[in-house]
Amino acid sequence: SSDGTRVAAAGYGGSAQLGRVRVFEFDTATKTWSQLGSDIEGPPSGQSWPTKLGYALEMSSDGNRLVMTTNDMNNDGFMRVYEYSTASFDWQQVAEDVDVTSDRPGHSTAISSGGDIVAQTAVQMSGTNGGRVSMYQETLGCPGTCWSQMGTDIMGEVYNHPNIWGLSSQLGYDVALAKTSLSMGELTRMAVGELNAGGPGSTYE
């Protein structure tokens, strides 16, 4: 969280590699850390590869929401958002998963300050390593709550390098959102990093 009193950590080791996310909260009176809610466990993938929930993980500024992705080094994956409930004292999923069925998704993710805008990346794109970034906003009445895509995907480039075949930007190797929220009527900005070819970072709004 922005005040440093809540932190989240993920691990996906072990034979199953389903993934697990755990949140801790700092008690300023006792100066100790204690777990907040129960563990968030990754589901079985139903395939021969692991889920690895929490491969990318981010927390909203107030520490009440988490966004996480899977990265099974294959083509399938999803992004999932949780919110801490003061009624159940546990983490509850917000809307349905955002499923992606191509391009090795889930390499990086980001969440806005208010927790109503999220982004996820895929470092491959249509058989290349160009990469792409997708943004979603929380939407009511579809029915209930869902995540609706904002604009179109931001696509990375595949460079024509004279010495290295197949060199590309891998756009979305890292991603960050400005601390804004659509519900607050503020501007949304996103910074995106590249991996290869000394690619520059880019800012979008």
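Two strands count as paired if DSSP finds at least two bridges between them, and strands themselves are DSSP runs of E with at least two residues, numbered from the N terminus. Everything below comes from a predicted model, where local features need pLDDT of at least 70, side-chain atom pairs count only at pLDDT 80 or more, and totals for chains, interfaces and linings use all residues. Residues are numbered from 1 along each chain as its sequence is written, and side-chain values use heavy atoms, with hydrogens and water left out.

**View 1. R6 and its partner across the strands.** R6 sits in strand β1, residues 6-11, and faces E25 of β2. Their side chains also meet in a polar contact of 2.9 Å (a pair of N or O atoms within 3.5 Å; within protein, one must be able to donate a hydrogen and the other to accept it, and residues adjacent in sequence count only if both atoms are side-chain atoms).

View 2. Is R6 buried or exposed? R6 counts as buried because its relative accessible area is 12%, and buried means under 20% (exposed is over 50%, partly exposed in between, with a 1.4 Å probe and protein chains only). Leaving out residues up to four places away in sequence, R6 touches a list of residues including S1, F24, W33, L36, M59, D62, N64 and Y84; contact here means heavy atoms within 4.5 Å.

**View 3. β2 and its partner strands.** Strand β2 covers residues 20-27 and pairs with β1 in the antiparallel sense over six bridges. Four residues separate β2 and β3 in a hairpin, and K31 in its turn has a positive phi of about 60 degrees. Then there's β4, residues 40-41, joined to β2 by two bridges, again antiparallel; there R20 has E41 as its bridge partner.

**View 4. The largest nonpolar core, and another one.** A nonpolar core is a set of buried Ala, Val, Leu, Ile, Met, Phe, Trp, Tyr and Cys residues joined through side-chain atoms within 4.5 Å. The largest has 13 residues, and V21, V23, I40, L66, M68 and W91 have the most contacts inside it. At least two residues of this core come from each of β2, β5 (57-59), β6 (65-69) and β7 (77-85), with β7 giving the most, three residues. Zoom in on I40 and, beyond its neighbours within four places in sequence, you'll find it in contact with G19, R20, V21, L53, L66, M68, Y82 and W91. Another core, of 10 residues, lies apart from the largest one and has V67, V94, Y136 and W147 among its members. In soluble globular proteins, nonpolar side chains tend to be buried together.

**View 5. Q149 in strand β13.** Q149 belongs to β13, residues 145-149. Q149 is partly exposed because its relative accessibility is 38%. Setting aside neighbours within four places in sequence, Q149 contacts S134, M135 and Y136. T139 is 10 residues from Q149 along the chain, and their C-alpha atoms are 9.6 Å apart.

**View 6. Stepping back to the whole protein.** The protein has 17 strands and zero helices (helices would be DSSP runs of H or I, at least four residues). Of its 205 residues, 41% count as buried.
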